[in-house]
Amino acid sequence: MKVISVNVGVTRDVTIEGRAAVTAIDKRPVDGPVAVGTLGLEGDEIGPRDKGHAIHAVYAYPVEHYAYWERELGLENLPMGQFGENLTVSGLTEEEVRVGDIFRFGTALLLATSPRIPCYKLADRMNQGKDFPLRFLASRRTGIYFEVLQEGRVGPGDAVERVEHDPDAATIAEFVRVTEFETGDVEGLERLLNSRHLAPSWKEQVGEMAEDARSGKAGSGWKGFRTLVLDRRVKESETVTSFYLVPEDCRPLPTYKPGQFLTVALDIPGREKPVIRTYTLSDSPNHEDYYRLTIKREPAAGPDLPAGVASNYFHDQVQPGTHIRAKAPMGEFHLDRESTRPVALLSGGVGLTPMISMLNALVEGGPERPVWFIHGVRNGSEHALGDHVRGLADACANVRAHVVYQDPGAGDVKGRDYDSEGFITTELLNGLLPSTDMDFYLCGPPPFMKAVYNLLLDWGASEDRIRYEFFGPATVLKATLHEDGAEKAAPVKRAESADGVSVTFAKSGKTVNWNGSANSILDLAEDAGLTPAFSCRSGLCLTCMTVLVEGEVHYPEEPAATPSEGSVLLCCSIPKSDVTIDI
């Protein structure tokens, strides 16, 4: 084993996918030995957003992998340092190095800590498309991060000697396999978890993964963003279209719970940053070859208000072949498949999407549970999937459907397109449903949600039997009145931040008001001119973990990694109250 090349780089300001960034990934070989300090190699600058993790002080990449990438990418003579590594090495592959192994590189002692989880900066460096980090990870040729135990010097041609080895620890290859690909491997996760020198940040995350694997919850999703491709689009009404997304890598899509949503990152022309939105999956989860999103085109809500940016992008620009980055399905609002009670699915407008997913799953599950599908919409111009619902009701004895049009159009026919006119009322429910001893699921615009939630309570439905989901920006279900007139806050399933709260960045002395325009506290900090550390921007790597001095935050999408107690992940959190962050 020996050092083939020593590579260093300097920081530079770049724009990647419309996002300003600081990076030192452009490493170049240097002659002669270089001093190795606790934070890395002398002359190798670390971008201010990458600094702070000694376990990533030195990055080594096997020279054996270069031939693979030259074949894979159709390139020749890739220069050493191409993958952003500090040390290009021979004989030191992921299969041969174990977590905690200690090596002497020249006169420095380095401890192997973890594989490299690539980020968007690698895509920019390689110029092979924004999805190259996924290809890099899928190849399992990740390279190895090291912590510096003893400072020294290292140069090209220096021998690499293993001086300490724990045969019971997981190899770096196993590390990648069980955390990225085979997350249900309990034995492998426990082997990694019990590796003596596993970093605390990884120990917490791997511990949770092992717990999920033991309970059978593992393997239901993926980390970060995965690229999906639009296969086809189907117009459901004048304002609503369904979009069928298939995996670019052709691997099966994991299942999900009926009612859960997909988080997408949209690279919209003219926008400096990706637009992040969540859309409910609108079909049964029993399809491993596609996900379906059914999206309403949102018009401008007033003369001075813009139309829905994301929905109009989907309708106007997303065509077959368009790439969409998405996180794995998630969400706490979903069908309880363990319950045997009758089900009432109540929706307004495009809030029918989770109800369609639940309805399809209930039908596919058999005729055991009686289902009432009750939907309110303005008229036929906005009514989506009506024929599908009526077809299920006609074919399945356990399904009953009732559609209410608020303002029927000239071509809308009662008995064919809709069943009654007006709104969903207590009298309507009392006439359709056998009792309040049911599971109720609600989704729709705020006025619909507040009206139906309260009428169910007034009708006598048990509050713990009512489950609901909101959609749209900054939507919060307000306090509801109970029979005794006392106010009680309804349980919010997807909490939102409150406009008007402030975020104080303690070390900088800046206080910034939160108005919902930023996607995260990290975005807010950057807009204020601050440069906190980050890497993945998806709640995966813990690089942006910072002490939460005061206040409470919320994660709109549960991050893959769990921050330490008293800390917050800046890249995927939003404030629920006035907060103080230690940056």
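1. Asparagine 127 sits in the loop between α2 (120–126) and α3. Its phi is positive, about 55°, although it is not a glycine. Most residues other than glycine have a negative phi. Asparagine 127 counts as exposed, with 67% relative accessibility. Here buried means under 20% relative accessible area, exposed over 50%, and partly exposed in between, with a 1.4 Å probe and protein chains only. Helices (H or I, at least four residues) and strands (E, at least two) are DSSP runs, numbered from the N terminus.

2. This is a predicted model: local features need pLDDT of at least 70, side-chain atom pairs count only at pLDDT 80 or more, and totals for chains, interfaces and linings use all residues. Residues are numbered from 1 along each chain as its sequence is written, and side-chain values use heavy atoms, with hydrogens and water left out.

3. Arginine 140 also calls for a look. It lies in the loop between α3 and β11. Arginine 140 is partly exposed, at 34% relative accessible area.

4. Overall content: the protein chain has 12 helices and 34 strands. Of its 583 residues, 55% count as buried. Take the contacts (heavy atoms within 4.5 Å) with a separation of 6 or more: 68% of them in the protein chain come from residues 24 or more positions apart.

5. Helix α4 (residues 172–181) has 7 of its 10 residues buried, so it is largely enclosed by the rest of the structure. The buried residues are Ile172, Phe175, Val176, Arg177, Val178, Thr179 and Glu180. They pack against β10 (108–115), α3 (132–139), β11 (144–150), α5 and α6.

6. Helices α5 (residues 186–193) and α6 (residues 200–214) pack at about 155°, with axes 9 Å apart. That makes α5 roughly antiparallel to α6; the cut-offs are under 35 degrees for roughly parallel, over 145 for roughly antiparallel, 65 to 115 for roughly perpendicular, and oblique for the rest. Axes are lines fitted to C-alpha atoms, for helices over the stretch in contact, and angles run from 0 to 180 degrees between N-to-C directions. From α5, the contact uses Val186, Leu189, Glu190, Leu192 and Leu193; from α6, Lys203, Val206, Gly207, Met209, Ala210, Ala213 and Arg214. By class, the contact of α5 with α6 has 8 nonpolar, 1 polar and 3 charged residues. Ala, Val, Leu, Ile, Met, Phe, Trp, Tyr, Cys and Pro count as nonpolar, Asp, Glu, Lys and Arg as charged, and the others, Gly among them, as polar.

7. An open sheet of 8 strands runs β4-β1-β8-β7-β11-β10-β9-β13, with mixed pairing. Two strands pair if DSSP finds at least two bridges between them. β4 (28–30) and β13 (160–164) are at the edges with a single partner strand each, so one side of each has no neighbour in the sheet. Neighbouring strands are turned by 40° on average, direction ignored. Strand β7 (residues 58–62) runs antiparallel to β11, joined by 3 bridges. Tyrosine 59 stands opposite tyrosine 145 in β11. Helix α1 (residues 64–73) packs on this sheet, touching β7 and β8 (87–90), and its direction makes about 65° with that of β7.

8. An open sheet of 5 strands has the order β29-β28-β34-β30-β32, and its pairing is mixed. Its edge strands, β29 (510–513) and β32 (567–569), each pair on one side only. The twist averages 35° from one strand to the next. Strand β28 (residues 502–505) and β29 are antiparallel and joined by 4 bridges. Threonine 504 stands opposite threonine 511 in β29.
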